[in-house]
Amino acid sequence: MLLFRTISTPILAQKVSIQDIPNTAVTPKCCQPFGTLHGVVSALIAEDLGSMGAYLASGRRKVTGIEVCISHLKRAQVGDIVQAEATPLNPGTTIQVWEVRIWKIDSTNSVNKSLLASSNVTVLCNLSGNAKDGQNNVKQAKL
């Protein structure tokens, strides 16, 4: 199970993390046939985190992703530990842009990590209505 956790800081410096306590292991379900983390899974994580950050930063209003641009820099294999973090680049009221980074954590030393993927997620935030139905998914989501 993957958990979304926000760090209590001012909204302009807000970060959103997705992690299983302590981190998330890559499983065969999210890999290509050769045991490598599928790029689509990385893109899914990026859009989910960017949208989740925009949702929180916009006062829990309805949001929708309108663009994801992702670069896959390294590979992760079954059993590798990964962690993702989203940081706002432009926390606007109509359009927000979030940078999402996905890291591979060294299993022998959790301080060491290498960047697997880097992405920018653009989110439309001026949708009408409140997103009460999605509020429970902010706290926890399954991948």
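Me: Quick one to start: which strand does Thr122 lie in?
Reply: Thr122 is in strand E7, which covers residues 113-124. Bear in mind that this is a predicted model.

Me: OK. Is Thr122 buried or exposed?
Reply: Buried, because its relative accessible area is 13% and the cut-off for buried is under 20%.

Me: And what is Thr122 in contact with, leaving aside neighbours within four places in sequence?
Reply: Thr64, Gly65, Ile66 and Glu67, plus Ile95, Gln96 and Val97.

Me: Let's zoom out. How many helices and strands does the chain have?
Reply: Two helices and eight strands. Along the sequence they run β-β-β-α-β-β-β-β-α-β.

Me: What percentage of the residues is buried?
Reply: 36% of the 143 residues in the chain. As for the surface, the chain exposes about 8200 Å², and 53% of that comes from carbon and sulfur atoms.

Me: What about contacts between residues at least 6 apart in sequence: what share joins residues at least 24 apart?
Reply: That share is 67%.

Me: Now the largest nonpolar core. Which residues touch the most other members?
Reply: Val26 and Ile102, out of 21 residues in that core. The elements giving two or more residues to this core are helix H1 (39-57), strands E5 (81-91) and E6 (95-105), and E7.

Me: Which of them gives the largest share?
Reply: H1, with five residues.

Me: I've got Leu116 selected now. Where is it?
Reply: Leu116 sits in strand E7, the strand that also holds Thr122.

Me: Buried or exposed?
Reply: Leu116 counts as buried, since its relative accessibility is 4%.

Me: What does Leu116 touch, not counting residues up to four places away?
Reply: There's a run of Ser71, His72, Leu73, Lys74, Arg75 and Ala76. Leu116 also touches Val82, along with Ile102, Trp103 and Lys104.

Me: Last one: how many Å separate Leu116 and Ser42, C-alpha to C-alpha?
Reply: 8.9 Å in space, with the two residues 74 apart in sequence.

Note on methods. Residues numbered from 1 in each chain as written. Predicted model: local features only at pLDDT ≥ 70, side-chain atom pairs only at ≥ 80, totals over all residues. Heavy atoms only, no water. Helix = DSSP H or I, 4+ residues; strand = E, 2+ residues; numbered from the N terminus. Buried < 20%, exposed > 50% of the residue type's maximum accessible area, 1.4 Å probe, protein only. Contact = heavy atoms within 4.5 Å. Areas by Shrake-Rupley, 256 points an atom, 1.4 Å probe, with all protein chains shown as cover. Core = buried A, V, L, I, M, F, W, Y, C linked by side-chain atoms within 4.5 Å.
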